[in-house]
Every structure is written in C-alpha cells, then in structure tokens.
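Student: I am new to this structure. Can you walk me through it, one question at a time?

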Amino acid sequence: MTRTDTAAGAAVAVIAGQRVELLDRARIYACGITPYDVTHLGHAATFVWIDAVGRMLRFAGVKPEVCRNVTDVDDVLDAAARRAGTAYDEFAAIQQFQFDRDMAALGVRSPEHEPRAHRYVEQVIRLASGLIDAGVAYHRRGSVYFRGQGVASRAGLDRAEALRLSAEFGGRPDDPAKDDPVDVAVWQATEPGHPAWDSPWGPGRPGWHAECAAMAMSVFGPAVDVHAGGADLKFPHHAYHAAMAEAFTGVRPYARAWFHSGVVTIDGAKMAKSAGNLILLDDLLAKHPAGAVRLMILDRPWAQNWDYRRALLDVAAARLQNLYQAAARNVPNDPAAVDAMRHLLADDLNVPAALDLAIEAGGAAARTLTGVLGLS
Ligand SMILES: [Zn+2]
C-alpha cells in the first residue's frame with residue numbers, strides 16, 4: 001500500500017497506486033460496523049488492516065487520524081432489533097459494546113473519531129437539500145433520491161452488474177418512485193418498523209451512503225486522505241458516498257486514495273450468516289492467542305481475497321513465536337535493518353517481507369516490528 005520517503009521531512013505514501021503526499025497527519029475514514037450481530041473474522045480482518053495502515057503511517061512519521069463510523073440507522077439493524085423486541089438504539093449500543101471488546105482483544109486502537117449515524121440526521125438533511133439545489137437529487141413521495149447516472153461507469157461496472165449489486169446491498173433498484181433504478185435514497189420516506197425524523201419532505205430516515213458522506217464531511221471536511229473498508233463495500237456504498245460528497249462540495253477527488261482490504265472466504269464462499277459459515281471472533285480467541293489471529297490477517301498481501309483454514313492459525317502462531325524469540329536475541333542495534341523494514345512496510349504494506357527481515361536481524365529490529373504491527 002505505501003511507499004514512504006521521510007528523508008525530506010514529509011512522507012509520500014503510495015496507496016493502491018495513488019501517490020499521496022502527507023505533511024503531518026493523515027485523515028483516514030473507515031466504514032465501521034452496522035451493530036446488529038457478533039463480530040466475525042471478515043469484520044476483524046478489515047479493522048485489523050485499517051489499524052495497521054494507521055500504525056505504519058505513524059512509523060513513517062505521520063499522525064493518523066482515524067474516523068470509524070457506527071451505522072446505527074440501518075434497515076438490517078432495524079430488522080434485527082425488531083426480532084429481539086428491542087429499540088434500535090438500545091440494540092445497537094449492546095452490539096457496539098461487544099464489538100469494542102473484540103477490537104480491544106485484537107489490539108485495534110480506538111479511533112480518534114467515532115460518529116454515530118443517528119446523531120448526524122440533521123447533516124444528512126442539509127446534504128439532501130444541497131444536492132437538490134445542485135440539481136443532482138430530486139424529491140418524490142417524501143423521499144429524496146440522488147441521480148446515480150455515471151456512478152457505476154466511474155466504478156468500472158456496467159449497468160446490469162451495478163443494479164445486481166445495488167439490489168444485493170438493499171438499494172431497492174425496483175422502487176417505483178425513482179426516475180432511474182440506479183438512483184439511491186439520500187432520504188427515505190417513513191415506513192413502519194423503522195425510526196423516523198422530521199424533515200422538509202416529511203418524516204423519514206437517512207439513506208446508508210448519505211449517512212457516511214455526511215459523517216465524513218462533518219468530521220474531516222470535503223476530502224479525506226484515505227478511505228478504507230472491506231472490498232465488498234466498493235460498490236455501491238463507497239462509489240455513491242464519493243459521488244454525493246463530490247457533487248455537494250465540488251471538491252474532487254473526495255478520497256485521495258482507497259484502501260479496500262481483501263475479502264475472507266470459507267471454502268471459496270463469502271462468509272455470511274445465511275450461508276451458516278461464519279467464523280466468529282469469539283470462538284477463534286477462545287482457542288488461539290490474539291497475536292496469532294492478528295498475524296494470520298496481516299501476514300499476506302492486503303488487497304487479496306483469502307480463504308480461511310484452521311492450519312493458517314498454526315502457521316501464524318509459529319511465525320509469532322519466531323518473532324518473539326528474535327526480539328529477545330541480544331544483538332547489536334542495526335539502524336539499517338530498521339530502515340529497510342520501514343521501506344518494506346511502506347512498499348505496499350509488505351508485512352511478510354518485513355517479518356522475514358525482522359526475524360533474521362533480531363534484537364531492536366524485531367522489537368520495533370512487534371510494536372509497529374501491534375503484536376506486543
Ligand atoms: Zn461507509
């Protein structure tokens with residue numbers, strides 16, 4: 001992900017092919033969880049990688065400022081809360097508590113900003129008004145829709161694939177109130193079983209992409225240095241978020257670089273509750289050291305999808321042991337080794353090579369990497 005050069009005092013990061021010059025801080029917006037269910041390995045992998053991006057930027061001399069939102073206004077969450085017979089916000093708070101506990105166990109640092117969607121309804125209403133004024137959104141039957149023409153092609157997708165993904169992620173392409181199926185709700189008119197707030201268009205609730213766009217702009221202004229999340233959020237979520245932000249502010253690009261971590265599969269299939277193949281973090285942590293779980297996630301190319309197998313944890317545990325033994329070796333300090341490691345990590349977050357080097361060099365280099373990777 002990153003190639004950094006701190007010789008001149010500033011850092012240059014190359015993230016997924018995007019060159020990003022950084023002076024003293026990096027604004028990282030991470031799409032957080034919808035707190036409706038227990039944490040599984042797929043979530044854990046995403047947030048461990050985002051944590052690693054921040055730690056490695058810090059190693060390169062830049063202060064990471066992470067904003068990880070909580071999507072606590074969401075149709076899936078509403079349905080789960082209804083099944084549990086609980087109010088959506090109370091249900092979300094309980095799930096959020098468990099998620100925070102899981103992240104702490106994995107050594108994921110708390111984000112600097114953690115906006116919750118239900119506190120940004122006013123900002124979504126302002127965003128919707130601004131998009132209508134700009135001529136890129138329209139009001140129909142109590143909802144406000146953002147015109148999505150061009151969003152799919154900019155994401156490299158044809159219309160059919162875009163509509164398939166939109167339906168899969170709850171985008172309701174068949175909503176008859178829309179001018180075009182690719183349009184998305186910035187504001188959704190009230191419906192039974194969902195929370196509702198007053199707005200100039202009547203009672204309703206924010207749309208998913210609009211929530212994130214409003215939170216990101218409220219915290220960081222019109223642009224971010226890195227927008228991060230799982231690769232499955234690339235479309236429609238991130239594509240529409242960016243398009244709305246750019247249409248609202250006129251600042252392009254909204255994100256200087258995108259960090260989409262690879263998806264974790266089980267026997268080649270995406271992990272999903274409906275498929276009954278979830279690997280729960282609780283179960284993993286009950287049987288394996290958290291450091292081994294963390295290293296299993298990080299000891300690989302970050303953008304590649306990967307298939308979970310039990311044996312990978314044994315490999316990671318052995319690698320971790322080797323690193324700890326190397327850290328305990330009494331060898332003279334070798335600043336060149338630490339420098340080489342910094343470059344390896346900066347060169348597209350090459351954790352496997354940095355780890356090999358740290359284990360071979362031992363001493364301070366291994367201790368430094370243990371800290372940088374959050375394995376101490
Ligand atoms: Zn988001």
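Predicted model: local features only at pLDDT ≥ 70, side-chain atom pairs only at ≥ 80, totals over all residues.

Student: Which residue in β10 stands opposite A228?

Tutor: Start with the strands: β9 covers residues 224-230 and pairs with β10 over 6 bridges. The sense of that pairing is parallel. Opposite A228 stands F259.

Student: Which residues coordinate the zinc ion?

Tutor: The donors follow the spacing C-x180-C-x24-H along the chain. Two give SG atoms and one gives NE2, at 2.0 to 2.2 Å. They are C31, C212 and H237.

Student: How many residues apart are C31 and H237?

Tutor: C31 sits in the loop between β3 and α1 (41-59), while H237 belongs to helix α8. The pair links distant parts of the chain. The separation is 206 residues.

Student: Is H237 buried or exposed?

Tutor: Buried means under 20% relative accessible area. H237 has 1%, and C31 counts as buried too, at 3%. So H237 is buried.

Student: What kind of aromatic pair do Y88 and W197 form?

Tutor: The centres are 6.4 Å apart, with 80° between the planes. Planes over 60 degrees apart count as edge-to-face. So Y88 and W197 are edge-to-face.

Student: Why does the pair of Y88 and W197 tie together parts that are apart in sequence?

Tutor: Y88 lies in helix α3 (residues 88-105). W197 lies in the loop between β7 and β8 (204-206), so the pair joins parts whose distance in sequence is 109 residues.

Student: Which ring does the charged end of R342 sit over?

Tutor: One such case first: the charged end of R68 sits over the ring of F47, 5.7 Å from its centre. For R342, the distance to the ring centre is 4.6 Å. That ring belongs to F59.

Student: Where is P173 found?

Tutor: P173 counts as buried, at 18% relative accessibility. Its contacts beyond four places in sequence include L163 and P181. P173 is in the loop between α6 (159-168) and β7 (184-189).

Terms used:
Residues numbered from 1 in each chain as written. Heavy atoms only, no water. Pairing = 2+ DSSP bridges. Helix = DSSP H or I, 4+ residues; strand = E, 2+ residues; numbered from the N terminus. Buried < 20%, exposed > 50% of the residue type's maximum accessible area, 1.4 Å probe, protein only. Contact = heavy atoms within 4.5 Å. Donors = N, O, S within 2.8 Å, 3.2 Å for Na, K, Ca; no water. Phe/Tyr/Trp six-rings, centres within 6.5 Å; stacked < 30°, edge-to-face > 60°. Lys NZ or Arg CZ within 6 Å of the ring centre and 35° of its normal.
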